[in-house]
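Student: I am new to this structure. Could you take one part and go through it closely, pair by pair?

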Amino acid sequence: MPFTNTNDYLTGRSPAPIPSGIELVANRSTISLVAADLDANDAGTVAILPAGCVPVGLVYDSDGLDSNATPTITASVGLMNAADTDLASVWASGITASRDGTSVIVALSSAAMRLAPSQADRRIGVKFTAAAATKAAGVVGLTLMYRYEP
C-alpha cells in the first residue's frame, strides 16, 4: 500500500536542488507516516533524484516507529516503480533505524552506485520489509547525496 501522506518535493511545490557543476548536493526529504503505513510490504516515495543526476550517498533517519519492547520494523530504500507501489531497484536493505529512532549512513548497493543518469526525475522510496510489532506514527527522512553526471 502506498504511504498516506506526501511532501512538497513529491507534489512539485518545492523543486529538488539541481547541481550547477561538479559539486555534490545533499537534499533531505521527510514524510510523516501514520500507523497504517507500517505494515510489511508498505512502500512509498520520499525523495526525488533530479534528472541528469546520480546518487553518491544516503542517510536514513527515523522516529521510533515501533514502540514494542522487541521491535521488528525493517526497511529497504531504492528506486520506486512506475506505479509508486514498490521498489523497482533496491539500493539498501535491512535498515533497522526505525526501531529506536536513529539515523544511519546507508551503504548503497552497486546497482545504485552504477545508476546511469536519466532525462527524467526519479522517485526514491522506502519499503517496510518487516512490519512494526507495535505501530507508532512518526517521520522518516532521506538525505540523498547526488551529483550531476553529464
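**A close look**

Tutor: Asp 39 has a relative accessibility of 29% and counts as partly exposed. Buried stands for under 20% relative accessible area, exposed for over 50%, and partly exposed for what lies in between (1.4 Å probe, protein chains only). This is a predicted model, where local features need pLDDT of at least 70 and side-chain atom pairs pLDDT 80 or more, while totals for chains, interfaces and linings use all residues. Residues are numbered from 1 along each chain as its sequence is written, and side-chain values use heavy atoms, with hydrogens and water left out.

Stay with Asp 39. Its side chain meets that of Lys 135 in a salt bridge, at 2.4 Å from N to O. The pair links distant parts of the chain: Asp 39 is in the loop between strand 1 and strand 2, Lys 135 is in the loop between strand 7 and strand 8, and 96 residues separate them. Lys 135 is partly exposed too, at 35%. A salt bridge here needs a side-chain nitrogen of Lys or Arg within 4 Å of a carboxyl oxygen of Asp or Glu. By this rule there are six salt bridges. Strands are DSSP runs of E with at least two residues, helices are runs of H or I with at least four, and both are numbered from the N terminus.

Now move to Asp 42. This residue is also in the loop between strand 1 and strand 2. Asp 42 is buried, yet has no salt bridge. The nearest side chain of opposite charge belongs to Lys 135, 6.2 Å away. For charge, Lys and Arg count as positive and Asp and Glu as negative; His and the chain ends are not counted. Which residues does Asp 42 touch, leaving aside neighbours within four places in sequence? They are Met 1, Phe 3, Ala 36, Asp 37, Val 126, Lys 127 and Phe 128. Contact means heavy atoms within 4.5 Å.

Take Lys 127 to begin with. Lys 127 lies in strand 7 and is buried at 15% relative accessibility. Not counting residues up to four places away in sequence, Lys 127 touches Asn 41, Asp 42, Ala 43, Thr 74, Ala 75, Ser 76, Asp 86 and Leu 87. One of these is a salt-bridge partner: Asp 86 and Lys 127 bring their closest N and O atoms to 3.0 Å. Asp 86 is partly exposed, at 27%.

Next comes Phe 128. Phe 128 is buried, with a relative accessibility of 0%. The structure holds one aromatic pair. Phe 3 and Phe 128 form it, with 6.0 Å from centre to centre and 45 degrees between the planes, which counts as tilted. Rings of Phe, Tyr and Trp (its six-membered ring) pair if their centres lie within 6.5 Å; under 30 degrees between planes is stacked, over 60 is edge-to-face, and the rest is tilted. Phe 3 lies in the segment before helix 1 (8-11) and Phe 128 in strand 7, so this pair ties together parts 125 residues apart in sequence. Phe 3 is buried as well, at 9%.

Look at the strands around these side chains. Strand 2 (residues 43-49) pairs with strand 7 (residues 122-130) in the antiparallel sense, over six bridges. Two strands pair if DSSP finds at least two bridges between them. Here Ala 43 stands opposite Lys 127. Strand 4 (residues 74-80) pairs with strand 7 as well, antiparallel and over six bridges. In that pairing, Ala 75 has Phe 128 as its bridge partner. Strands of a sheet pair through backbone hydrogen bonds, either parallel or antiparallel.

To put it together, strand 7 pairs with strand 2 and with strand 4. Phe 128 forms the aromatic pair with Phe 3. Asp 42 is in contact with Lys 127 and Phe 128, among others.
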